[in-house]
There are 2 protein chains.
Amino acid sequence: MSHGIWYVASPCKAAVTQTTRPDLEEISVESEHVFDGVFLRVWRETVRMPDGALARREYIKHSGAVMVIPLLDDGRVLMERQWRTPMRRVMIEFPAGKLDPGEDWLTCARRELREETGYSAREWAYIGTINNAISYSDEVIHLAFARGLTAGQQALDNHEFLEVFTVEPRDVLEWVRTGVVTDVKTVIGSFWLEKLLGGTWPLDWRPA
Amino acid sequence: MSHGIWYVASPCKAAVTQTTRPDLEEISVESEHVFDGVFLRVWRETVRMPDGALARREYIKHSGAVMVIPLLDDGRVLMERQWRTPMRRVMIEFPAGKLDPGEDWLTCARRELREETGYSAREWAYIGTINNAISYSDEVIHLAFARGLTAGQQALDNHEFLEVFTVEPRDVLEWVRTGVVTDVKTVIGSFWLEKLLGGTWPLDWRPA
């Protein structure tokens, strides 16, 4: 079976989001790579705005990421606690990781779920993509549910530290409401979890 | 009246998120400013991990932002279409803008709402904060609802191009479900909008 079709935006979405809008569009005039860090790559662009004026833009080029919401057979979900340096605190998140160059979302999702939690999934449902920093990063995060989970051996990267735990979906939603969960991908995943479990936003499940 | 108290995390949140976790925490050993662009500032840190090993981290220091969900008296909400260079397309968003250094969320929210849409609000309800790029940015986005709106004069910055439009909340949610709206702050605001209108997650309204 092919998973490729899940990945493509529907013609309907394209029609809504990709309409030409010369009154809003900027045209790239020049693009240069201005910083190459250990992890971050920054590009600077000169753009021509709708009124003809030139402006500068700067953004990070990112390889993209996947987040998985792992549904256990007992109704609980798997989550993680992980230290996030920019936030100076431990954050509560669903398992996630960066795409390798050219990697499809499902390959990455299977790998990250197995490495970070040890679990493998029998079925997957693709939710869609979100963009988390549209003014300064081209990052795309793919979201998916996994179910039919089987425990296995966690395989964290060298010097990767995170705690895996299980929690009831209603508690996750309460953490979103009260501001305990603030990571955007996890907040959005929590709302989708409620929609899925409530049966209002059904998804298409496929074997792994 | 003071709006300061809205800003402070509750003791309850602090207890959950700020527990000391030496098995997960990284300690900053050295921090250096490695890139200063027109808009982006990148810092590199050397951190000591829980096992004593050293690692590098890189992230953007951001002044923070506010997003407003403006509720019109007729039940519709105000949204914007704006070109986003990193995404190479027009995005649908709720009004938002960056905090000036030291600025409180409400001052920024009032200013951005007035400049981008022309509207002023009679009442505000603070939702909370979200973090949109926890592995590479310290950005915090404050979310709030505004109601009792009065139309006025839009005051866009020089060479700022955006289109303001009105839409039914049910259509916004459908755009989230079908992937037309992918900007994380707008997706999260849309889910909160449904919770507010459904009466399940009530908020505290204050005069502007």
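The following legends describe close-up views of a predicted model.

**View 1. The five-stranded open sheet of chain A.** Strands of this sheet follow the order β7-β4-β9-β8-β11 in chain A, and their pairing is mixed. At the edges lie β7 (96-98) and β11 (205-207) of chain A, each of which pairs on one side only. On average, and with direction ignored, neighbouring strands of this sheet are turned by 30° against each other.

**View 2. The pairing of β8 with β9 in chain A.** Strand β8 (residues 120-130) and strand β9 (residues 141-150) of chain A run antiparallel and are joined by nine bridges. Within this pairing, Glu123(A) has Arg147(A) of β9(A) as its bridge partner. In general, strands of a sheet pair through backbone hydrogen bonds, either parallel or antiparallel.

**View 3. Helix α3 of chain A against the strands.** Helix α3 (residues 105-117) of chain A lies across β4 (65-70), β7, β8 and β9 of chain A, and runs at about 60° to β4(A). The end C-alpha atoms of α3(A) are 17 Å apart, which agrees with the 18 Å that its 13 residues should span at 1.5 Å a residue. After α3(A) comes Gly118(A), with a positive phi near 90°.

**View 4. The buried residues of α3(A).** The buried residues of this helix are Trp105(A), Leu106(A), Cys108(A), Ala109(A), Leu113(A), Glu116(A) and Thr117(A). Because they cover an arc of only 160° around the axis, they lie on the same side of α3(A). An α-helix has 3.6 residues a turn, so residues three or four places apart point the same way.

Terms used. Residues numbered from 1 in each chain as written. Chains lettered and ligands numbered in written order. Predicted model: local features only at pLDDT ≥ 70, side-chain atom pairs only at ≥ 80, totals over all residues. Pairing = 2+ DSSP bridges. Helix = DSSP H or I, 4+ residues; strand = E, 2+ residues; numbered from the N terminus. Axes fitted to C-alpha atoms, helices over the stretch in contact; angles between N-to-C directions. Contact = placed C-beta atoms within 7 Å. Expected span 1.5 Å × (residues − 1). Buried ≥ 20, exposed ≤ 12 C-beta atoms within 10 Å, placed from the backbone. Arc of directions from axis to C-beta.
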